[in-house]
Amino acid sequence: MATTHKTRMLIIGSGPAGLSAAIYGARAGMEPIVVQGLQPGGQLTITTDVENYPGFRDVIQGPWLMQEMQAQAEHVGTRMMWDTIVDIDLSGSPFRATGDGGDIYEGDTLVIATGAQAKWLGVPGEQELGGKGVSACATCDGFFYRGKKVVVIGGGNTAVEEALYLTNHSPDVTLIHRRDSLRAEKILQDRLFAHKGIKVLWNKTVDRFVGDTGGAGLTGLDLTDTETGETSHIETDGAFVAIGHAPATELFRDKLPMDAGGYLLVEPGTPRTSVPGIFACGDVMDHVYRQAVTAAGTGCMAALDAERFLAARDFANAKDVAEA
């Protein structure tokens, strides 16, 4: 039988943004509910080594970090729900979300923390060597390739930015693009072409990521020339797929404003959406930084703004009753 769950703050998504919002919301007495979604813990649950999250001197494991964040959220009063939202009504508070099993979740405020997923090539070896030489985040994993040979796959702003960033760690960076020109902004292209540590392979597609899944990890890539059909192989220690991200916003299409990439639009410098009482945090609204620590920060902001929203509304309601 379907059940209705009510809360002062409903959070959809359980990555660093959602769990940080839950921790702050619970400490403010809002008894938040977190609906975990298809990937409880978010992208960090498929990230092995994490070396850039503040507070940890040594490398930590992504799944462990998310387990600890969830435990902290539960400890201060968050209810975790194993469910996936399939429909949502944003017409007014309380906002109503429907789970795939029929349960209803009602929140006086709503925090959207559904995140984003990196786009992948979908070729052999990519999934098997994920975290073993294949990555979608140079800022996250570039440090592990100090002094090693790396490649970046893509031709847009993200790919060029990743290639430039990797030169901080690697003396040998190769950008692989399937066309004969880049889509990136001209200023980024100028920086790329001027950098002596970056080579570009034009008109190449990746057919396979080659390596040992149980040992050395990635060792190289099999390529095909898009003009001649000629095949080739490039040796590398690390490969960064940089063909974009897809925010998990399909549920909110035509219900909340989004940019051309599908990211939720918020008031600059805040997590506030165009609907009072609805807040967006983490990668679902951030296509620039996409880091666990920035996601956690915006989750905190969302909870603080949600608490202030409810306090202002409760005060207004109490005033109306007193004057009646």
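User: Which residues of α2 meet Pro 16, Leu 19, Ser 20, Ala 22 and Ile 23 in α1?
Analyst: This is a predicted model. In it, α1 covers residues 16-27 and α2 covers residues 62-75. The α1 residues named in the question face a set in α2 made up of Met 66, Met 69, Gln 70, Gln 72 and Ala 73.

User: How many nonpolar, polar and charged residues does the contact of α1 with α2 have?
Analyst: Ile 23 of α1 and Met 66 of α2 are among the residues that meet here. By class, the contact of α1 with α2 has no charged residues, three polar and seven nonpolar.

User: Is α1 roughly parallel or roughly antiparallel to α2?
Analyst: The axes of α1 and α2 lie 9 Å apart, and the two helices pack at an angle of about 25°. Angles under 35 degrees count as roughly parallel. Therefore α1 is, relative to α2, roughly parallel.

User: α1 also passes α6; is that crossing left-handed or right-handed?
Analyst: Helix α6 spans residues 292-323, and its axis comes within 7 Å of that of α1, crossing at roughly 35°. Residues that meet include Ala 17, Ala 21 and Gly 25 in α1, with Ala 296, Gly 299 and Ala 303 in α6. The contact of α1 with α6 divides into 10 nonpolar, three polar and no charged residues. α1 passes α2 in a left-handed crossing, whereas its crossing with α6 is right-handed.

User: Which strands stand at the edges of the open sheet, each with a single partner strand?
Analyst: Five strands form this sheet, with parallel pairing, in the order β10-β17-β11-β12-β13. An edge strand has a single partner, so one side of it is left without a neighbour in the sheet. The two edge strands are β10 (134-135) and β13 (198-201).

User: Which residue stands opposite Ile 176 in β13?
Analyst: Strand β12 takes in residues 172-176 and pairs with β13 over four bridges, in the parallel sense. Opposite Ile 176 stands Leu 201.

User: Which helix packs on the sheet, and which strands is that helix touching?
Analyst: The helix is α4, residues 157-166, and its direction makes about 165° with that of β11. The strands touched by α4 are β11, β12, β13 and β17.

User: Which residues of α5 make the contact with α4?
Analyst: Helix α5 covers residues 186-194, and the axes of α4 and α5 come within 10 Å and cross at roughly 35°. That crossing is left-handed. From α4, the contact includes Val 160, Ala 163 and Leu 164, while α5 contributes Leu 188, Arg 191 and Leu 192.

User: Is the disulfide of Cys 137 and Cys 140 left-handed or right-handed?
Analyst: The structure holds one disulfide. Cys 137 and Cys 140 are joined by it, with an S to S distance of 2.2 Å. The torsion about their S-S bond is about 70°, so the disulfide is right-handed.

Definitions and conventions. Residues numbered from 1 in each chain as written. Predicted model: local features only at pLDDT ≥ 70, side-chain atom pairs only at ≥ 80, totals over all residues. Heavy atoms only, no water. Axes fitted to C-alpha atoms, helices over the stretch in contact; angles between N-to-C directions. Parallel < 35°, antiparallel > 145°, perpendicular 65-115°, else oblique. Left-handed = near helix turned anticlockwise from the far one by under 90°. Contact = heavy atoms within 4.5 Å. Nonpolar A, V, L, I, M, F, W, Y, C, P; charged D, E, K, R; others polar. Pairing = 2+ DSSP bridges. Disulfide = S-S within 2.5 Å.
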